[in-house]
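Subject: A structure to look at, with notes

Hello,

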Amino acid sequence: LLEMLLQPDDRRRCGLLPATGFRKLARLNYLRLPVPNHAVNKPVAPPHSWLEYSEKTHPVFVDALRSSYAQSLDCPELTGLRSIDEVLEGHRAAGEFDPALWQVIHRGNTPLGVMLLSRIARQPAKEIVYMGVAPEARGQGIGDALIHRAAMLAYTRPCADAPATPQELVLAVDERNAPA
């Protein structure tokens, strides 16, 4: 498995990998969102609550991630290529890991969605390295709540390199994933 960011007009490099046997799994669109302070104070109404990552909550994150993969439109070709622990380790290595920026939204003991946020080095930005919603919770505003949570965390936990600079959220989405 090789993850490589290429410009679509870079014909030489875009042709190199398929010529050696690699196949393209997805085309990603990168998006940026400025994080204004007026957009971050949207509370999630009960009975939903938030859980941040720790070794103790690791199993909940594994369950939330696994359930969000079911019928996912986000790079479905990647499903099953790595174990869930390998997936989490890969997300942990993306950017600057802070366990407080990894969140699960849940109702009771049921995880509804997961959002993994990472600081981007030397930029006043955070990247949503993964976001997913369990099939039974899709279409109920959980994705919207996850995005608002990410914006709130980006705003309230500014990057140390540029604390006074306006913060941004960055994410990549599979171009085939119309709901996202």
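Predicted model: local features only at pLDDT ≥ 70, side-chain atom pairs only at ≥ 80, totals over all residues.

Residues are numbered from 1 along each chain as its sequence is written, and side-chain values use heavy atoms, with hydrogens and water left out.

The helices (H or I, at least four residues) and strands (E, at least two) are DSSP runs, numbered from the N terminus. Six strands form an open sheet with mixed pairing, in the order β1-β6-β5-β4-β3-β2, where two strands pair if DSSP finds at least two bridges between them. At the edges are β1 (28-34) and β2 (48-52), each of which pairs on one side only.

Strand β4 (residues 110-119) pairs with β3 (residues 102-107) in the antiparallel sense over six bridges, and among the partners in these two strands are I105 with G113 and R107 with T110. The hairpin of β3 and β4 has two residues between the strands, and G108 there takes a positive phi near 65°. Seven bridges join β4 to β5, again antiparallel, with M115 standing opposite M131 in β5. Nine of the ten residues of β4 are buried, a word that stands for under 20% relative accessible area, with exposed being over 50% and partly exposed in between (1.4 Å probe, protein chains only).

The axes of helix α2 (residues 58-69) and helix α3 (residues 84-93) come within 10 Å and cross at roughly 100°; axes are lines fitted to C-alpha atoms, for helices over the stretch in contact, and angles run from 0 to 180 degrees between N-to-C directions. The two helices are therefore roughly perpendicular, since angles of 65 to 115 degrees count as such, under 35 as roughly parallel, over 145 as roughly antiparallel and the rest as oblique. On the α2 side the contact (heavy atoms within 4.5 Å) is made by H58, V62, L65, R66 and Y69, and on the α3 side by I84, D85, V87 and L88.

Finally, H91 lies in helix α3 and counts as buried because its relative accessibility is 13%. Leaving aside neighbours within four places in sequence, H91 is in contact with W102, L116, V129 and Y130.

Best wishes
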